[in-house]
Amino acid sequence: MVVIPLIKWNINIFFSKLLIIICLTNNTPIAIFSQTLPTGFVDIKKEIPEIVLDIRYATPNNFVGEKLDGYEEGFAWGLKEMVLALNEVQKELKEIKLGLKIFDAYRPLRAEKHMLRWAMSNNKNHLLGVYIPLKVRTDSIYGHTSGNMIDLTLVDSTGKELNMGTDFDEFSEKAHTLNAKGDILENRNKLQAVMKKYGFKNYPKEWWHFTYQAKKGMALDIPLGVPKNPVVQTK
Ligand SMILES: [Zn+2]
């Protein structure tokens with residue numbers, strides 16, 4: 001195997017650098033990439049290894065029905081302050097043999113544009129402004145694009161989801177946090193209580209969606225992972 005460092009590729013004027021290395025194995029080039037996170041961000045799975053990830057927008061298993069732009073890998077990134085708080089949530093849940101499962105965390109702007117395109121071309125305009133951001137903002141905000149919002153649920157010690165009554169991204173009144181009864185309401189309340197304790201605020205129309213209120217951030221468009229077909233320069 002021959003390993004040849006080729007280039008450093010700046011993919012974003014803000015912070016990211018990408019080191020691209022090409023490995024030649026049996027004359028077949030394989031690209032191996034490492035990626036630096038945006039300033040102030042951490043990889044949630046690295047900080048909290050026990051957390052379960054199911055990053056739906058990196059797969060076709062989501063409301064759009066295809067992988068969203070910018071989700072090259074099923075990573076969960078977030079502002080460090082938010083992830084520290086999330087770690088406290090996970091620790092407290094562990095004491096009662098529960099844990100967290102993340103559906104989405106930091107979301108690149110291009111993914112929100114993808115959602116917007118899908119809604120407008122599929123007659124889903126009623127979702128805009130309620131479930132899908134209507135405007136793409138790039139200033140200091142609370143948002144998935146700024147790394148201080150997170151979508152998640154509770155799992156038991158085997159990783160099985162607790163019954164929350166609906167799936168993630170159910171765009172109906174059934175997903176309104178308090179619109180439930182019995183065990184389902186109890187499970188939703190359990191999630192709300194522990195998240196609230198560590199500084200997260202729930203969106204009442206989505207039981208899974210929380211904002212970390214202590215920290216605003218800049219909206220970013222850095223992809224999660226490396227695009228599969230980057231333009232590789234040889235010099
Ligand atoms: Zn969300």
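**Labels and what backs them**

Modeller: This is a predicted model. Start with strand 7 (residues 98-104) and strand 9 (residues 149-156), which pair in the antiparallel sense over six bridges.

Biologist: What makes strand 7 and strand 9 a pair?

Modeller: Two strands pair if there are at least two bridges between them. Strand 7 and strand 9 have six bridges, so they count as paired. Leu 100 stands opposite Leu 154 in strand 9. Asp 104 stands opposite Asp 151.

Biologist: How do you know that strand 9 and strand 11 pair?

Modeller: By the bridge count again. Strand 9 and strand 11 share three bridges, in the antiparallel sense. The cut-off is at least two, so they pair. The bridge partner of Asp 151 in strand 11 is His 209.

Biologist: Why are strand 5 and strand 10 called edge strands?

Modeller: The open sheet has five strands, in the order 5-7-9-11-10, with mixed pairing. Strand 5 (52-53) and strand 10 (200-203) each pair on one side only. That makes them the edge strands.

Biologist: Why is strand 9 said to be largely enclosed?

Modeller: Six of its eight residues are buried, so the rest of the structure largely encloses strand 9. Buried here takes 20 or more other C-beta atoms within 10 Å.

Biologist: Why is Lys 196 called partly exposed?

Modeller: Lys 196 has 14 other C-beta atoms within 10 Å. Buried needs 20 or more, and exposed means 12 or fewer. The count of 14 falls in between, so Lys 196 is partly exposed. Lys 196 sits in helix 4 (residues 182-197). Its C-alpha atom is 9.8 Å from that of Thr 211, 15 residues away along the chain.

Biologist: How do you know that the span of helix 3 is close to the expected one?

Modeller: Helix 3 (residues 109-121) has 13 residues. At 1.5 Å a residue, 18 Å is expected. The helix reaches 19 Å from its first C-alpha to its last, which is close to that value. Its buried residues are Leu 109, Ala 111, Glu 112, His 114 and Met 115. Just after helix 3, Asn 123 takes a positive phi of about 55°.

Biologist: What makes Ile 102 stand out in the largest nonpolar core?

Modeller: That core has 41 residues, and Ile 44, Trp 77 and Ile 102 touch the most other members. Helix 2 gives the most to this core, with five residues. Beyond its neighbours within four places in sequence, Ile 102 is in contact with residues including Ile 44, Ile 51, Leu 53 and Ile 150.

Biologist: Where does helix 2 lie?

Modeller: Helix 2 (residues 80-94) lies across strand 7, strand 10 and strand 11 (206-212). It runs at about 140° to strand 7.

Notes
Residues numbered from 1 in each chain as written. Predicted model: local features only at pLDDT ≥ 70, side-chain atom pairs only at ≥ 80, totals over all residues. Helix = DSSP H or I, 4+ residues; strand = E, 2+ residues; numbered from the N terminus. Contact = placed C-beta atoms within 7 Å. Axes fitted to C-alpha atoms, helices over the stretch in contact; angles between N-to-C directions. Expected span 1.5 Å × (residues − 1). Core = buried A, V, L, I, M, F, W, Y, C linked by C-beta atoms within 7 Å.
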